[in-house]
Number of protein chains: 2
Amino acid sequence: LTRGRAWGEEELVRRIRRIFPVTDRQVEVPIGDDAAVLRVAGASRLVLTTDQLVEGIHFRRGDRPARLLGDKALGVNLSDLAAMGATPRWALLSLFLPPHLRRSDLLEILRGMARRARKHGVSLIGGNLTASKALALDVTLLGWLPPGVPAPRRRGARVGDVILVSGSLGTYALGLQLLQSGWTWRDSAAYKRGAGAQRSRAATRALRRHLTPEPELALGSLLARKGLVSAMMDLSDGLSRDLARLCQASAVGARVEISSLPLEPAAVAFAGQDEALRLALHGGEDYRLLVTVPPSRLFALKRLLPRHRLRAIGRVVVARDGIKLVDSTGRERPLPPSGYDHLRTPRARKRLPSA
Amino acid sequence: LTRGRAWGEEELVRRIRRIFPVTDRQVEVPIGDDAAVLRVAGASRLVLTTDQLVEGIHFRRGDRPARLLGDKALGVNLSDLAAMGATPRWALLSLFLPPHLRRSDLLEILRGMARRARKHGVSLIGGNLTASKALALDVTLLGWLPPGVPAPRRRGARVGDVILVSGSLGTYALGLQLLQSGWTWRDSAAYKRGAGAQRSRAATRALRRHLTPEPELALGSLLARKGLVSAMMDLSDGLSRDLARLCQASAVGARVEISSLPLEPAAVAFAGQDEALRLALHGGEDYRLLVTVPPSRLFALKRLLPRHRLRAIGRVVVARDGIKLVDSTGRERPLPPSGYDHLRTPRARKRLPSA
């Protein structure tokens with residue numbers, strides 16, 4: 001994208017929407033959300049998404065057991081369906097196979113994906129194979145949204161709504177740092193020569209989530225069915241970037257309280273408070289849910305979910321106030337979208353901006 | 001696929017089917033046909049396929065106007081739906097964007113795809129963007145099969161059925177040779193310095209089809225609705241390979257008559273009879289339909305279609321007789337599957353076996 005690089009992902013998506021205007025009345029949610037929603041027949045709606053893992057961009061050759069690649073290729077798509085409140089059912093897989101890929105690794109990739117598919121009741125119904133220079137796994141996932149349940153979208157946030165996230169942030173980014181600093185994943189645990197038991201436990205927690213993100217399907221479905229959220233999306237590219245997307249779609253701003261952010265405890269332990277904050281704000285691939293909830297529904301939400309299942313991190317404000325971070329003394333500063341842009345920042349996870 | 005390369009596409013598909021067994025009763029056609037068929041709701045069935053174009057594998061950088069890449073990325077998927085008798089409706093697009101791609105070329109790719117989509121009533125409803133080293137366009141296409149129409153599959157051919165194809169063969173492969181021998185595509189026509197009018201007309205015909213395959217949607221849909229074919233697929237990887245796939249799926253053999261093969265006239269003109277035959281047998285990407293028809297339905301077929309719309313090229317025989325070519329003196333020789341294998345023969349179109 002020599003010159004196109006100036007665009008970034010959002011601008012390109014806007015242009016794609018202009019080139020492909022949708023006039024089809026069966027399309028309930030078009031390009032621009034976590035997944036598309038189609039009214040196909042009867043009262044149920046079909047939900048569709050596609051996402052890919054590319055060697056050299058999303059992973060490096062040999063950086064993890066092969067089966068975890070297969071697991072994750074499906075996992076990132078499951079997270080998109082979770083963000084729409086949908087129940088996954090069918091998948092298609094495009095495999096880009098390079099000459100260097102070992103047969104045994106390919107089988108392990110497929111087995112890892114099959115295990116994840118079984119866990120969530122997903123059937124692989126089709127796909128395609130192609131030769132390629134780099135390994136890539138491109139999954140298209142289909143699921144259902146039950147009758148009468150509106151699709152939770154990015155554009156529904158209103159001024160005054162509470163902003164919440166479904167778990168700690170920065171875990172994925174910490175896991176990447178751990179791998180880069182000599183930790184490895186062996187026999188379902190993190191290992192580094194000479195590391196003590198406490199650090200090993202913290203590293204294990206972070207690396208497990210780094211390697212196998214757990215899509216929030218049950219939570220996403222519950223929130224959609226109960227109609228509690230005004231907006232919902234998954235956190236794939238970092239809170240700062242994804243929150244900016246939600247605000248843009250809803251034409252609102254946001255105030256995020258630093259003291260309320262659920263920092264990854266292992267990140268605090270390994271890297272200190274400031275670095276943990278930086279990872280929480282700008283580290284991608286946490287695959288938590290980011291939701292907004294009208295104040296009137298907060299009580300119902302609290303009755304429905306265990307404490308801390310969703311953590312309030314701020315409030316929706318008017319668009320002209322922008323997106324701001326607030327510290328414990330009440331001082332504000334802007335929160336620019338500095339997370340992962342799939343076009344502008346290849347390997348952005350290695351060079352995050354400071355918090 | 002250092003060691004995996006020994007497998008080839010068919011073996012890998014078999015293994016994928018074993019790793020992902022489908023027990024889902026809503027899946028009417030699973031992995032292994034041109035597209036998957038789902039019973040989603042009501043009597044209509046959803047038909048799904050995915051296919052990709054990869055730089056360095058399916059095209060070379062700058063080898064054609066950018067808009068034709070977008071056109072073809074959708075076109076190859078439309079051809080898969082044509083082979084299932086389906087009517088296309090919705091598409092998702094995964095874009096793999098390399099640093100070298102110019103912004104203007106990207107827009108032209110998208111516009112070319114949008115034009116093709118409009119022509120066939122397809123709405124782009126979603127997709128994803130990723131950075132990549134090489135350009136790739138991965139399309140997932142959805143369509144409908146009308147109530148009561150059985151999906152025409154590869155496995156339905158029976159001994160005695162007539163084998164037919166929907167147009168001349170080897171056109172794509174000839175087009176590739178023309179491009180490699182100095183012909184170019186300018187202002188909707190083939191051009192080479194010093195070439196006469198007759199050769200230019202022949203080259204234009206071949207290059208047009210090479211650059212913009214026309215999916216046989218109307219024919220595929222008609223054949224499915226009228227229930228005239230016992231098996232159907234599209235010719236994407238060369239007659240010799242695709243016929244072998246159809247025979248394998250149906251557990252039959254085939255006798256193909258050389259004199260009946262609809263050789264590309266431009267190939268005969270440019271390269272002679274023998275070379276035209278070689279291209280017809282082993283050249284991929286013609287995107288014609290390959291069908292088998294029981295003798296009892298031949299009369300109905302002839303009443304339905306203009307003469308030569310489908311050309312009989314041979315007969316289905318028992319499996320143990322294999323797949324054979326028959327010349328005008330009645331002499332037989334085996335027809336091994338030597339077309340395009342997506343895993344074994346990158347750029348196979350440059351080095352086809354002799355006919």
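The model is predicted.

Two copies of a chain are related by a rotation about an axis and a shift along it. Here, chain A can be laid on chain B with an RMSD of 0.0 Å.

The interface involves 71 residues of chain A in contact with 71 residues of chain B. Between them, chain A and chain B bury about 6300 Å². Of this area, 68% lies on carbon and sulfur atoms. In chain A, the residues that lose the most area to chain B are A:Phe20, A:Arg103 and A:Leu129. Together they account for 12% of what that side buries.

Polar groups also meet across the interface. The rule finds 19 residue pairs in polar contact, with both residues at pLDDT 80 or more. Two salt bridges are counted between chain A and chain B. A:Asp24 forms a salt bridge with B:Arg89, and their closest N and O atoms are 2.5 Å apart. Several elements of chain A give two or more residues to the side that touches chain B. Among them are helix H1 (8–19), helix H3 (103–119), strand S4 (87–97) and strand S6 (136–145) of chain A. The largest share comes from S5(A), with nine residues.

Chain A also holds an open sheet of seven strands. Strands of a sheet pair through backbone hydrogen bonds, either parallel or antiparallel. In this sheet the pairing is mixed, and the strand order is S10-S12-S7-S13-S11-S14-S15 (chain A). Strand S10 (231–234) and strand S15 (332–334) of chain A are the edge strands, and each pairs on one side only. On average, neighbouring strands of this sheet are turned by 25° against each other, direction ignored.

Within it, A:Met233 stands opposite A:Leu290 in S12(A). Helix H2 (residues 66–83) of chain A lies across S10 and S12 of chain A. The helix runs at about 175° to S10(A).

Note on methods:
Residues numbered from 1 in each chain as written. Chains lettered and ligands numbered in written order. Predicted model: local features only at pLDDT ≥ 70, side-chain atom pairs only at ≥ 80, totals over all residues. Heavy atoms only, no water. Least-squares fit on C-alpha atoms with pLDDT ≥ 70 in both. Pairing = 2+ DSSP bridges. Helix = DSSP H or I, 4+ residues; strand = E, 2+ residues; numbered from the N terminus. Axes fitted to C-alpha atoms, helices over the stretch in contact; angles between N-to-C directions. Contact = heavy atoms within 4.5 Å. Buried area = accessible area lost by both parts, 1.4 Å probe. Salt bridge = Lys/Arg side-chain N within 4 Å of Asp/Glu carboxyl O. Polar contact = N/O pair within 3.5 Å; in protein donor to acceptor, adjacent residues only side chain to side chain.
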